[in-house]
Amino acid sequence: MASISRRAALIGGGSGVVLATAAALTWDKTSRLWWRLPGVDKQRKKGEVDQPGVTWIAASEANLRFADRPDDYVIDRVVIHVTESDFRTAVKVFRDPLHASAAHYIVRASDGRTVQMVRELDVAYHAGNRGFNERSIGIEHEGFVDRPQNFTEEMYRSSARLAARICERYRIPVDREHIVGHNEVPGADHTDPGRHWDWKRYMSYVRQARDEASRSSGGSGDSGKA
Ligand SMILES: [Zn+2]
């Protein structure tokens, strides 16, 4: 959505656009097109992350597809997962080229520490559904669906701050239509995050984090948009 509105803004300014600007736009369009060629990926800085405070550990490139989101695909969903393993194992399998899946982030149970393994502009194979992979960002949580003790306050808080920032970055509404469980992805045969995942608590933390961020960034302070 961000890319459409940006283009609309560029085109919308048409009446006042002089020839020089039109030429610059054409050049910009051409220079961008080559990124779209298959097998050509956008230049990026090694170790760069999308979320403040997270640690970068690269997933295997076999478990993702380089892309240029949100320009080539709109990002409008966050998918919540549970790893069904410990943190270290989850990191290890996402680095394994034979694993065939990876998520953008993994949040640790004990302290909420978060690693980013796939850049948000890239498509991670996490949802088991191509269209959903292309439109979403996946957050894994260390733990097992049948062990409620894994879902700690620190994990919920840390993940909620991350989800709130993702929603802010891509103008995604903070609601259960846009923040979904892996089990809610069409065609998914996975059950995570499972019945012990406390959606009510999580969503209230995400809204809280969103409102705090908008207050501290000098926003309107309007918290009535829950
Ligand atoms: Zn999952």
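Modeller: Two residues count as in contact here if their C-beta atoms, placed from the backbone, lie within 7 Å. This is a predicted model, in which local features need pLDDT of at least 70 and side-chain atom pairs count only at pLDDT 80 or more, while totals for chains, interfaces and linings use all residues. Residues are numbered from 1 along each chain as its sequence is written.

Biologist: Leaving aside neighbours within four places in sequence, which residues is Ala163 in contact with?

Modeller: Ala163 is in contact with Val78, Ile139, Ile179 and Val206.

Biologist: And what about the largest nonpolar core, how many residues has it?

Modeller: The largest nonpolar core has 45 residues, and Val78, Ala102, Ile139, Ala163 and Val206 are those with the most contacts inside it. A nonpolar core is a set of buried Ala, Val, Leu, Ile, Met, Phe, Trp, Tyr and Cys residues joined through C-beta atoms within 7 Å, where buried means that 20 or more other C-beta atoms lie within 10 Å of a residue's own, exposed means 12 or fewer, and partly exposed is in between.

Biologist: Which helix gives the largest share of this core?

Modeller: Helix 5 does, with nine residues; helices are DSSP runs of H or I with at least four residues, strands are runs of E with at least two, and both are numbered from the N terminus.

Biologist: Switching to helix 6, which residues are buried there?

Modeller: Tyr202, Tyr205, Val206, Ala209 and Arg210 are buried in helix 6, and the buried residues of this helix pack against helix 5 and strand 8 (179-181).

Biologist: Last one, is Lys92 partly exposed or buried?

Modeller: Lys92, in helix 3 (residues 87-94), is partly exposed, with 13 other C-beta atoms within 10 Å.
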